[in-house]
There are 2 protein chains.
Amino acid sequence: MEKKVIHAALLGFGTVGTGVYKVLKNQEEEMEAKLGSVVRIKKIMVRNLEKAAVKVEDPSVLTNNWEEIVNDPDIDIIIELMGGMEPARTYILAALEAGKHVVSANKDLIAVYGKELLDMAETHHVDFLFEAAVAGGIPIIRPLKQCLAGNHMKEVMGIVNGTTNFILTKMTQDKMEFKEALALATELGYAEADPTADIEGLDAGRKVAILASVAFNSRVVFDDVYIEGITKISAKDISYAKEMGCDIKLLGVARNTEEGIEAYVCPMLIPSTHPLASVNDSYNAVFVNGDAVENAMFFGRGAGELPTASAVVGDIFDIARNMKANCCARIGCTCYKTIPVKKMADTRNCYFLRLQVEDRCGVLAEMTAVFAKYHVSVAQIIQKQAKPNESAEIVVITGKVREGDFRTAMEELSGRSFVHKISSMLRVYGE
Amino acid sequence: MEKKVIHAALLGFGTVGTGVYKVLKNQEEEMEAKLGSVVRIKKIMVRNLEKAAVKVEDPSVLTNNWEEIVNDPDIDIIIELMGGMEPARTYILAALEAGKHVVSANKDLIAVYGKELLDMAETHHVDFLFEAAVAGGIPIIRPLKQCLAGNHMKEVMGIVNGTTNFILTKMTQDKMEFKEALALATELGYAEADPTADIEGLDAGRKVAILASVAFNSRVVFDDVYIEGITKISAKDISYAKEMGCDIKLLGVARNTEEGIEAYVCPMLIPSTHPLASVNDSYNAVFVNGDAVENAMFFGRGAGELPTASAVVGDIFDIARNMKANCCARIGCTCYKTIPVKKMADTRNCYFLRLQVEDRCGVLAEMTAVFAKYHVSVAQIIQKQAKPNESAEIVVITGKVREGDFRTAMEELSGRSFVHKISSMLRVYGE
């Protein structure tokens, strides 16, 4: 069933919603040639009609009444850009049930209810697309589901939060401390008034859940992802890391190992020669490794009005093409396996450890004896001349060790009298 | 019309063909769940049956008879990996005419006959896909046609030839001269016995033609692309470039400007801070700029058995999904515009110039007087102490100037007695 004009409705008219409105306007002249149809925004659901009126050509498209949208048989595509759990979830499910296609950028929702939403889409034979939910404008969901479908993906990881990457870049390049860099990020609009979801790694964790699910064909939800933020990182850690040939980045990592899926977000040391190490400011990048493609990386703007709208409109156009070819729901949920997710304690990593110890002969021997007891080997160590009457600072990068063992070693170490303080414990990214 | 087993035929069983055979084997168990069907290689066309027999489980799949393939109604997908113009073109056209879908990695052919092949596919309502023709395993064609379809792309450029990138990397990191680096590339299997297509930029030029066509929705063919190779680059150029904050890369550049499309391949200086500058060895990367997505980059293996096979199999799986959803030819040729391609002389660039001049007072004034006559300004200049009785070496980076004007200035300059030699003339990448 061919349709010359396809009507869509926007739910939410904030930064991304406005972007989608603009990008569709910019594409208006070419849509017919590109898609064989024209996509028009028929309704925009907003909270404040007056405030939104200045942003549209024709204010009659604005509504605050969901029923007007879901019950309009003319509307084929719902673009959900409200964010959050409710009412987004209820609206999306109702839209899918009503036979409407849905495009969403809502990572919070998809990381938890992805299966429910995709199942509902399948039942009603409609599309539910979410390219914009991970890494903003960067194409990654569709490349994983289609271009790289011939791979068994071993790993998908990267920098998937622009706010924290901006903060860590400032801490690295301008030697700022965390608080100062956060204040700058807030001032420049990179950090929200409440930055918790970004700086505590929650936002990145949601993206890791979605990426892992798509890459490994097995559902990983937000609760499966181990999460640490960047609030405890100091400029000193970054400077020691540099000395050891590494940068510190907030990495989201998902690995498909023989014992199950590893999925975590934490600040990590990464060799300065790794392509991700030079991804700076608010840029995002996703690195993948598959048995056929080997290494590949996708880099770009992970947020922002137009870059995120680029991904949303890509999804909208895909649906328009599906409608023209009468093949909606052509690719739905791709989680056809059930792979267990490993506990963080069972992952194996190298660790960066910075600690203050008593400055006397024999301390190093006692410390490394505790290490040895739990199979922790030393790969690199730095100790600098301590000032009189001060603790000595020791920085260690360990060999690969089971996280559970390392934690036990740290507990035992922190109980020893020669250890004044364990200042930092960070993981080191490695294969 | 659903089909549980989809039969495919391989034309050519060299590096990539073998890779595709292996990747399909690796995916065999999962295909049913992933695609709703199973893709099987029914025939492999080879020149030497005996030589190929050791590479397959069942030698009865091998044939040297094209008729056996094109006339087999069981075979739905033809995978053309022979390369070159003929008989590849004849075979592909015949396959499309026979209603078979075609996947091809043949950049030589597509860069010249892309329109003919896509038109034939459209006429017969079948798929003609070619993700592997550009940048090997890196997803770029599908992301441009789908994920980024909401953009007016302004630029698509990058490192699209692994052989030359390997050579330039060795010249940069190990200070090798071109010949030495080429010999190493040949020894390691990165360069072919006849390396002309790589080192003269022809291979990259074909990829630029294809990328420009897809990115700007307007057909650009191989003949439209201005091409220079890397054979004249010296270690000295690279070392001066470094001093000026740049690396030298063989870049393929396509730009959509108000006056038309620019499309060229040449060695260029690029700021060392640009993400492409750190793409080394045989890696490829494609950088895109669009009005919505802003900057994005796609990085990975541009060649090799399994990485290229990854892209080919992605296309095969897409066709399998299209067959299941009964929507083949869902996205065909996207060149719905006709934008003229600019002459190289009409592009505007900054230039890196290394020349030997007479070592006497007034030479710089005479040189810059010639520059000024043709609107060539100086942005950076290096002149080092010359040895007695030797020419002085001057290295200049110019401001932006029309290429035609710059060439005229160079002609005039080379006629002046104080100019002993113009050793290098390279373009500088900039926006």
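This is a predicted model: local features need pLDDT of at least 70, side-chain atom pairs count only at pLDDT 80 or more; totals for chains, interfaces and linings use all residues.
Biologist: What box do the C-alpha atoms of chain A fill?

Modeller: The box is taken along the principal axes. Its dimensions for the C-alpha atoms of chain A are roughly 80 × 45 × 35 Å.

Biologist: Into which domains is chain A divided, and how far apart are the C-alpha centres of domain 1 and domain 3?

Modeller: Domain 1 of chain A covers two segments, 5–136 and 305–325. Domain 2 covers 141–301, and domain 3 covers 346–428. Between the C-alpha centres of domain 1 and domain 3 of chain A the distance is 52 Å.

Biologist: What percentage of the contacts in chain A with a separation of 6 or more comes from residues 24 or more positions apart?

Modeller: A contact here requires heavy atoms within 4.5 Å. Among the contacts in chain A with a separation of 6 or more, the share from residues 24 or more positions apart is 73%.

Biologist: How far apart do the centres of the positive and negative side chains of chain A lie?

Modeller: Chain A carries 48 positive and 58 negative side chains. The centres of these two sets are separated by 2 Å.

Biologist: Is A:Asp203 buried or exposed, and which residues does A:Asp203 touch?

Modeller: A:Asp203 belongs to helix H10 (residues 202–216) of chain A. Its relative accessible area is 8%, and a residue under 20% counts as buried, so A:Asp203 is buried. Leaving aside residues up to four places away in sequence, A:Asp203 touches A:Lys107, A:Val160, A:Asn161, A:Ala197 and A:Asp198.

Biologist: Where is the residue A:Pro87, which a cis peptide bond joins to A:Glu86?

Modeller: Most peptide bonds are trans. The bond joining A:Glu86 and A:Pro87 is cis, with omega about 5 degrees. A:Pro87 is located in the loop between strand S4 (75–80) and helix H4 (88–97) of chain A.

Biologist: In which loop does B:Pro87 lie?

Modeller: In chain B the peptide bond from B:Glu86 to B:Pro87 is cis, with omega near 5 degrees. B:Pro87 lies in the loop between strand S4 (75–80) and helix H4 (88–97) of chain B.

Biologist: What is the relative accessible area of B:Glu294?

Modeller: Most residues other than glycine have a negative phi. B:Glu294, in strand S12 (residues 294–301) of chain B, has a positive phi near 65 degrees. B:Glu294 is partly exposed, with a relative accessible area of 33%.

Biologist: What is the relative accessible area of B:Ala329?

Modeller: B:Ala329 is not a glycine, yet its phi is positive, at about 65 degrees. B:Ala329 sits in the loop between helix H12 (305–325) and strand S13 (348–357) of chain B. B:Ala329 is partly exposed, and its relative accessible area is 21%.

Notes
Residues are numbered from 1 along each chain as its sequence is written. Chains are lettered from A and ligands numbered from 1 in the order in which they are written. Side-chain values use heavy atoms; hydrogens and water are left out. Lys and Arg count as positive and Asp and Glu as negative; His and the chain ends are not counted. The place of a charge is taken as NZ of Lys, CZ of Arg, CG of Asp or CD of Glu. Domain bounds come from an automatic or database domain assignment. Helices (H or I, at least four residues) and strands (E, at least two) are DSSP runs, numbered from the N terminus. Buried means under 20% relative accessible area, exposed over 50%, partly exposed in between (1.4 Å probe, protein chains only).
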